[in-house]
Amino acid sequence: MGKWLVRLVGATVITVTLAALCQELEKPRAERRWHGKLGVIPYDFRAPTAARLMEIFWNAEDGRIFTGAFWGIGWGINLYTLLEKMRIVGTMYITEDDFLMPTRTLRKILENRPVMP
């Protein structure tokens, strides 16, 4: 089962890569950008740069986890957004009330306590 699946994935990658290259080569030379989408699959055949590396893999401005490819076909993972959604990185805003009464239940109990004369 594994061998045919590996061959199928390999054939798919080669086919999509060739289709993306043909899509760019069909355009007039002045309109070729060497990046875009083939259906829903993004591709990028431009020379890699450090700025694009950061834009794909560590972009605090972009809320998407899956971004376009850094080079080739497929998707990249925006690690900043992934870690932010896991609450590992990012700015955490905590109020004094949240610090002193961390649970909602404790806050509710204290707000509804009976008043002693």
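From the N terminus on, the elements of the protein chain follow the order α-β-β-α-β-β-β-α-α-α. The chain holds 5 helices and 5 strands. Helices (H or I, at least four residues) and strands (E, at least two) are DSSP runs, numbered from the N terminus. The model is predicted: local features need pLDDT of at least 70, side-chain atom pairs count only at pLDDT 80 or more, and totals for chains, interfaces and linings use all residues. Residues are numbered from 1 along each chain as its sequence is written, and side-chain values use heavy atoms, with hydrogens and water left out.

Of the 117 residues in the protein chain, 17% are buried. Buried means under 20% relative accessible area, exposed means over 50%, and partly exposed lies in between (1.4 Å probe, protein chains only).

Aromatic contacts were examined next. Rings of Phe, Tyr and Trp (its six-membered ring) pair if their centres lie within 6.5 Å; planes under 30 degrees apart count as stacked, over 60 as edge-to-face and the rest as tilted. By this rule there are 4 aromatic pairs. Phe-57 and Phe-70 form a tilted pair, with 6.0 Å from centre to centre and 55 degrees between the planes. Phe-57 lies in helix H2 and Phe-70 in the loop between strand E3 (66-68) and strand E4 (72-73), so this pair ties together parts that are 13 residues apart in sequence. Phe-57 is partly exposed, at 30% relative accessible area. The ring centres of Trp-58 and Tyr-80 are 5.2 Å apart and their planes stand at 80 degrees, so the pair is edge-to-face. It links distant parts of the chain: Trp-58 is in the loop between H2 and E3, Tyr-80 is in helix H3 (residues 79-85), and the two are 22 residues apart. Trp-58 is partly exposed at 39%, whereas Tyr-80 is buried at 15%. The C-alpha atoms of Trp-58 and Thr-81 are separated by 7.6 Å, although these residues are 23 apart along the chain. Ring pairs also link Tyr-43, Phe-45 and Trp-71 into a cluster.

Trp-58 also contributes to a nonpolar surface patch of about 740 Å², together with Val-40, Met-54, Phe-66, Trp-75, Ile-77 and Leu-79. Patches are made of residues with over 30% relative accessible area and no salt bridge; like charges are joined within 9 Å, and nonpolar side chains (Val, Leu, Ile, Met, Phe, Trp, Tyr) within 5 Å. Met-54 sits in helix H2 (residues 50-57). Its relative accessibility is 44%, so Met-54 counts as partly exposed.

The whole structure contains 4 salt bridges. A salt bridge is a side-chain nitrogen of Lys or Arg within 4 Å of a carboxyl oxygen of Asp or Glu. Lys-27 pairs with Glu-24, with the closest N and O atoms 3.0 Å apart. Lys-27 is partly exposed at 26%, whereas Glu-24 is buried at 0%. Asp-44 and Arg-46 meet in a salt bridge at 2.7 Å, N to O. Asp-44 is buried at 5%, and Arg-46 is partly exposed at 31%. In the salt bridge of Asp-62 with Arg-64, the closest N and O atoms are 2.9 Å apart. Asp-62 is buried at 17%; Arg-64 is partly exposed at 48%. Salt bridges that share partners join Asp-44, Arg-46 and Arg-52 into one network.

Notes: Accessible areas come from the Shrake-Rupley method with a 1.4 Å probe; for residues, only the protein chains shown count as cover.
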